[in-house]
Protein chains: 2
Amino acid sequence: MQVLKERILKDGKALDEHILKVDSFLNHQIDVTLMNEIGEAFKERFKEHKITKILTIESSGIAIACIAAQYFKVPVVFAKKTVSRNLDAQTYDSVVYSFTKQQHYTVKVSKRYLHNEDHVLIIDDFLANGKAAEGLLEIVEKAGATLEGVGIVIEKGFQEGGKKLRERNVKVESLAIIDKLGKDCIEFRDE
Amino acid sequence: MQVLKERILKDGKALDEHILKVDSFLNHQIDVTLMNEIGEAFKERFKEHKITKILTIESSGIAIACIAAQYFKVPVVFAKKTVSRNLDAQTYDSVVYSFTKQQHYTVKVSKRYLHNEDHVLIIDDFLANGKAAEGLLEIVEKAGATLEGVGIVIEKGFQEGGKKLRERNVKVESLAIIDKLGKDCIEFRDE
């Protein structure tokens with residue numbers, strides 16, 4: 001997605017060989033106009049699929065999932081990382097490891113909001129080691145729902161998450177795949 | 001906002017006299033169509049105001065802030081609750097107490113995304129004791145920005161947050177104000 005790649009080159013910053021900072025438009029400040037272009041791009045890439053629900057994970061997946069959902073005309077469900085008195089007791093759970101935050105956490109989705117007749121598109125801002133996506137896949141499986149695919153804004157192609165998901169025959173659509181990060185260096189995969 | 005009140009009566013559930021569960025459409029599963037109606041309602045209520053940025057707090061404020069931002073054509077910034085390697089070192093901070101989660105946490109906004117020329121609309125899903133809103137107000141003040149107002153989806157009118165903000169001459173627009181909660185009882189304030 002050309003406009004996204006140009007924005008990453010203009011406003012993104014590689015902190016080291018692993019971390020790309022895009023918090024000026026994607027995951028702290030959010031450029032809602034760009035999010036709409038991203039939402040349309042996901043709709044285009046999954047236009048042949050019957051989607052009944054978009055599943056994401058708090059916090060940084062929520063913005064893009066909700067904007068994208070407008071193009072699919074379906075509800076969003078976001079997996080919760082924190083325990084709250086508001087959450088149902090009956091949940092589908094998965095344990096996820098965050099490399100960015102260097103900790104394990106349990107993500108939960110109420111059984112009331114994911115069913116075996118659902119056709120699910122998972123959307124997230126980043127795909128790196130794939131731990132969050134695998135956690136969401138596990139929740140989709142536990143619900144007996146059908147996974148239609150995974151839509152990712154930025155995939156770190158030099159990490160194994162995308163490869164692992166594709167080896168499981170998951171349809172992964174990443175709008176920008178970065179093959180190399182480093183000081184003053186952001187290299188995209190040719191598509 | 002009539003459609004919102006009807007939805008609260010239809011799908012909301014009072015867990016006790018303090019906690020209203022609306023996670024089927026607002027803060028776990030998200031009805032994006034309703035969010036658009038809510039976004040338009042905020043635009044209508046703040047149409048005389050020059051807004052340059054919408055500020056909210058992760059996680060459950062993000063969905064409504066992003067959908068609403070489309071009507072204001074401005075970026076969203078969400079205050080972060082968790083420390084991440086991705087966050088700038090230079091931040092505006094505020095310590096907030098969550099009654100729902102019964103803990104203090106520090107919320108942070110990068111100094112790069114809030115400036116003294118900004119005119120800020122704070123948006124959140126709930127207003128109860130007002131601790132989150134007060135924390136966001138403090139961040140707006142620290143940035144030297146101008147607060148244009150606070151837009152809330154559901155205000156618990158029987159708690160003191162709304163009253164305290166209005167006593168500080170903050171323009172608070174709540175789309176539904178609940179004056180009484182209890183078993184089989186959700187009473188709205190007349191408007």
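How many cavities of 30 Å³ or more does the structure hold? The structure holds one, where a cavity is a set of points, on a 1 Å grid over the protein atoms alone, at which a 1.4 Å probe fits but cannot get out. This is a predicted model, in which local features need pLDDT of at least 70 and side-chain atom pairs count only at pLDDT 80 or more, while totals for chains, interfaces and linings use all residues. Residues are numbered from 1 along each chain as its sequence is written, chains are lettered from A in the order in which they are written, and side-chain values use heavy atoms, without hydrogens or water.

The largest cavity contains about 30 Å³ of space, a volume being the space filled by probe spheres set on grid points that are joined across faces, edges and corners. Its lining, meaning residues with an atom within 4 Å of a point, consists of A:Asp23, A:Asn27, B:Lys80, B:Ser84, B:Asn86 and B:Leu87.

A pocket, by contrast, is an open set with protein on both sides within 12 Å along at least five of seven lines, and the largest pocket has a volume of about 1200 Å³. Of the 45 residues that line the largest pocket, A:Lys81, A:Ser98, A:Thr100, A:Lys101 and A:Tyr105 are the closest to its centre. The largest share of this lining, four residues, comes from E8(A), a strand being a DSSP run of E of at least two residues and a helix a run of H or I of at least four, numbered from the N terminus.

The second largest pocket holds about 800 Å³ of space, and among its 37 lining residues A:Asn86, B:Ser98, B:Thr100, B:Asp125 and B:Phe126 lie nearest its centre. Here E8(B) gives the most to the lining, with four residues, and strand E6 (91-98) and helix H4 (131-143) of chain B each supply at least two.

Away from these spaces, helix H2 (residues 32-45) of chain A has 14 residues, which at 1.5 Å a residue should span 20 Å, and its end C-alpha atoms are 20 Å apart, which agrees; the expected span is 1.5 Å times one less than the number of residues. At the start of H2(A), the backbone nitrogen of A:Thr33 has a side-chain oxygen of A:Asp31 within 3.0 Å. Buried residues (under 20% relative accessible area, 1.4 Å probe, protein chains only) in H2(A) include A:Val32, A:Leu34, A:Met35, A:Ile38 and A:Phe42.

Conventions:
Buried means under 20% relative accessible area, exposed over 50%, partly exposed in between (1.4 Å probe, protein chains only). A polar contact is a pair of N or O atoms within 3.5 Å; within protein, one must be able to donate a hydrogen and the other to accept it, and residues adjacent in sequence count only if both atoms are side-chain atoms.
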